[in-house]
Amino acid sequence: MRPLWTVKAPSVWAGFVLFVCIILHGCKGDVRYSIPEEMQRGSVVGKITQDLGIDTKSLSARKPRLDFEGSKRYCEFNSWTGELTVNERMDREVMCGQRPSCAVHFDLFLENPLEFHRITLDTQDINDNSPKFRNDVINLEIQESVGKGARFSIDEAHDADTGVNSVQGYTLSNNEHFSLAVHSSTDRGKYSEIVLENELDREKQDHLSLTLSAYDGGSPKRSGSVIINVKVLDANDNVPVFTQPVYEVSLFENSPLGTIVFQVSASDADEGANGEVTYEFSYISINAENLFSIDPTTGVITVKGTIDFEESSSFELRVKAKDGAGQSASCKVVVEVEDLNDNPPLIVMKSLLSPVPENIPSGTEIGLIYVQDKDSRANGKIKCSIDQHAPLQLVPSVKNHFSLVTTTELDREAQPEYNITLTATDDGSPPLFSSKTFSLSLGDVNDNSPVFEKQYYHANILENNKPGSSLCSVLAKDPDWRQNGTVFYSLVPGEVNSHSVSSFISINGDTGVIHAVRPFDYEQFKSFKVTVVARDNGSPALSSNVTVNIFITDDNDNSPQILYPTLERNSLMTELVPKAAQAGSLVSKVIAVDADSGQNAWLSFSIVKSTDPGLFVIGEHSGEIRTQRDISVTDGMKQNLVVSVRDNGQPPLSATCAVYLVISDNLAEVPEFKDMSLEGNYTKLTFYLIIALVSVSTFFLTFIIITLAMRFCNRRKPRLLFDGPVAIPSTYLPPNYADVDGTGTLRSCYSYDAYLTTGSRTSDFKFVNSYNEGTLPADLTLNESPPAFNHHNTPGNVAELSSPVS
């Protein structure tokens with residue numbers, strides 16, 4: 001290991017050199033620090049950001065954290081300075097015992113991007129423990145017959161430190177009988193013997209007290225002492241002897257209390273009390289102190305605590321056999337603990353990206369897990385698996401780490417969350433396993449446009465609606481989440497009848513309800529289309545369109561309009577009916593239209609008042625006026641009809657008109673027409689009477705009375721106006737009028753013509769040309785006899801009947 005720099009420890013550890021090794025493996029690096037044990041809390045171990053080349057400015061945003069394998073957190077990481085500091089006391093002797101190396105392993109994790117580093121702390125021993133003898137007093141009984149040079153083994157001192165800080169030598173207090181011999185061995189380390197330099201004489205001195213001190217090689221040195229009480233006895237020339245110096249035994253972990261580990265045996269050739277051997281531990285390692293006991297008589301070593309392979313895999317015991325005279329010998333018992341598969345694998349989620357954006361590409365690493373099994377060999381070999389339905393796979397990384405990698409493209413709308421189970425199984429017999437379930441939620445991305453429930457929407461509304469009336473409601477759904485799935489509605493700008501669509505309808509941007517802005521008129525337009533756009537609130541926003549067809553339903557808001565007959569220049573129009581007309585003959589037709597449509601424009605005709613109720617009848621739907629019977633000589637010449645035209649709306653609307661009919665073969669036969677022709681003569685007569693009134697005063701009063709009577713009679717006579725052909729001018733037709741069969745309007749197969757001679761108020765009438773049965777043929781006209789025309793002195797007015805009336 002090449003030293004990179006030296007760090008000065010706190011004052012108590014001044015002078016200790018800190019070595020750091022950094023080994024990089026691809027994108028993940030291992031950092032190793034060498035620190036002394038017992039460093040004070042808060043002491044700086046190293047600056048990781050500098051050692052790994054990590055930017056300190058972005059360190060806090062990357063959420064650094066330390067994960068330790070055990071329950072203790074020996075270090076803390078300052079995300080602002082990038083320094084690794086001591087968080088908990090590290091006692092090497094407690095952590096690692098007598099092992100030559102002692103290391104603490106933990107991981108540093110960083111996110112955005114995901115990165116982890118393995119950090120190792122090599123805990124170096126310091127001289128914080130003094131050499132210590134197991135007993136404070138050692139009692140020796142030595143026969144006075146023991147010769148010069150006899151050696152007596154003394155329990156060695158033990159120092160929990162290692163290396164130079166462990167026991168390096170012994171010293172013995174000054175005395176005249178014994179000297180000290182120090183030895184070294186691989187299994188016992190430094191140990192001592194006292195050597196008899198001068199023979200003992202129980203009669204002179206039966207008791208000796210010596211002080212044996214052990215010291216280590218630390219700086220400063222530490223030492224420990226034991227008092228050796230030597231009792232001089234009679235001769236005992238044999239010491240106990242073990243069958244072998246080192247015993248190696250195996251023991252399964254979790255062995256029940258009282259389980260026999262091993263039985264040591266030593267023999268002494270002496271007889272009596274000098275040959276009776278007892279056993280005791282002369283040394284036991286710290287981690288085994290409360291785990292084993294020995295029977296002093298039989299030498300049976302039993303279990304008195306819980307044996308856990310994961311805590312310690314081996315134990316070292318030193319057993320001393322002592323005879324009745326105090327002679328002793330020792331042996332070493334090494335207990336190797338056999339591992340049992342008693343620890344299921346442990347799954348630790350080191351890092352997990354949550355929520356995972358749904359648009360990440362397949363093969364993206366989203367997390368890191370660590371699987372640990374405290375067992376060893378096959379019991380600690382782990383296989384890890386993941387649910388088959390999960391869109392993830394486990395990719396082995398380093399040191400029991402697995403990366404979670406996506407296998408397919410994710411879709412939050414199809415499945416917003418996954419419950420994923422990880423299973424780890426060891427190779428023990430029987431195998432143990434453990435599972436860990438975690439939730440993987442997906443983050444929404446605006447990848448879906450709003451979708452309308454229907455491809456087209458239809459709305460029907462009755463005309464003359466109130467402003468603000470609701471027409472219909474559109475609904476679009478967006479499977480995205482939150483603002484990405486929030487839908488707003490608006491109208492696409494357009495025109496309806498050269499007006500902006502917004503002047504007709506409006507839409508609620510939140511609910512999608514379409515309202516009418518103003519009343520609609522079916523007679524102006526019957527339907528129109530608008531386009532509604534639904535847009536989400538994502539970034540960028542997505543949208544979709546739908547067409548809404550709005551149909552305006554007709555309301556019965558127009559009364560029937562009578563086109564014929566009608567007043568023309570304030571004069572009444574009169575129809576001429578031949579005296580020879582037979583039953584069922586068409587004599588006239590009432591023509592009416594209704595600006596409404598459908599049943600609101602279905603017109604029905606009825607005669608509400610008639611001079612002769614049994615003479616004429618009107619077609620309920622055609623408006624044709626026909627004779628119910630043959631014309632007789634007793635029928636009155638003038639026939640007045642009042643016709644009502646009613647539509648089929650709810651409620652129905654109606655209009656009335658008057659039809660004036662004259663039964664005559666010639667207009668000249670009508671008295672009113674005769675009076676009209678002589679009106680000019682009466683005017684001249686009046687002029688002459690006025691002149692005569694001046695000259696003849698006697699006739700004045702009579703003339704005035706006659707004149708007033710004549711004027712009164714003329715005002716009561718109806719005037720027949722035939723100024724042109726009987727035709728329906730186009731100006732009578734209402735807008736949007738359509739000539740529809742069966743609505744009561746005049747069919748195109750009928751026509752009416754009236755012919756007037758110049759300067760005359762009489763006329764020839766040409767009857768209707770109709771395809772209906774019972775209608776007078778079109779080529780029939782009326783013939784007036786010459787005497788009648790000569791009687792009125794109106795030459796030129798000729799009416800001819802091309803064929804007799806049947």
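This is a predicted model: local features need pLDDT of at least 70, side-chain atom pairs count only at pLDDT 80 or more; totals for chains, interfaces and linings use all residues.
Partly exposed here covers residues between the two cut-offs, buried being under 20% relative accessible area and exposed over 50%. Glu 413 has a relative accessible area of 21%, so it counts as partly exposed.

Glu 413 pairs up with Arg 412 in a salt bridge, with 3.5 Å between the closest N and O atoms. Arg 412, at 10% relative accessibility, falls on the buried side. Side chains of opposite charge can pair when their charged atoms come close. In total, the structure holds 21 salt bridges.

Another of these bridges joins Arg 32 to Asp 122, the closest N and O atoms being 2.9 Å apart. This one links distant parts of the chain: Arg 32 sits in strand S2 (residues 28–36) and Asp 122 in strand S8 (residues 115–124), 90 residues apart. As for accessibility, Arg 32 is partly exposed, its relative accessible area being 31%, whereas Asp 122 is buried at 15%.

Then there is the bridge between the side chains of Asp 107 and Lys 350, at 3.5 Å from N to O. Asp 107 belongs to strand S7 (residues 103–110) and Lys 350 to strand S25 (residues 346–352), so this pair ties together parts that are 243 residues apart in sequence. Both ends are tucked away: Asp 107 counts as buried with 1% relative accessibility, and Lys 350 counts as buried with 4%. The two residues also belong to a network of salt bridges that links Asp 107 and Lys 350 with Arg 65, Asp 67, Glu 111 and Arg 118.

Turning to the rings, the structure holds 14 aromatic pairs. One of them is Phe 292 with Phe 315, an edge-to-face arrangement with 5.3 Å centre to centre and 70 degrees between the planes. Phe 292 lies in strand S21 (residues 292–294) and Phe 315 in strand S23 (residues 314–322), so the contact ties together parts 23 residues apart in sequence. Phe 292 is buried, with a relative accessible area of 2%, and Phe 315 is buried as well, at 3%.

Elsewhere, Phe 504, Phe 520, Phe 525 and Phe 528 make up one aromatic cluster. Charge and ring meet at Phe 504: the charged end of Arg 518 sits over its ring, 4.0 Å from the centre. A lysine does something along these lines too, with Lys 526 lying over the face of Tyr 522 at 5.0 Å from the ring centre.

Definitions and conventions. Residues are numbered from 1 along each chain as its sequence is written. Side-chain values use heavy atoms; hydrogens and water are left out. A salt bridge is a side-chain nitrogen of Lys or Arg within 4 Å of a carboxyl oxygen of Asp or Glu. Helices (H or I, at least four residues) and strands (E, at least two) are DSSP runs, numbered from the N terminus. Buried means under 20% relative accessible area, exposed over 50%, partly exposed in between (1.4 Å probe, protein chains only). Rings of Phe, Tyr and Trp (its six-membered ring) pair if their centres lie within 6.5 Å; planes under 30 degrees apart count as stacked, over 60 as edge-to-face and the rest as tilted. A charge sits over a ring if NZ of Lys or CZ of Arg is within 6 Å of the ring centre and within 35 degrees of the ring normal.
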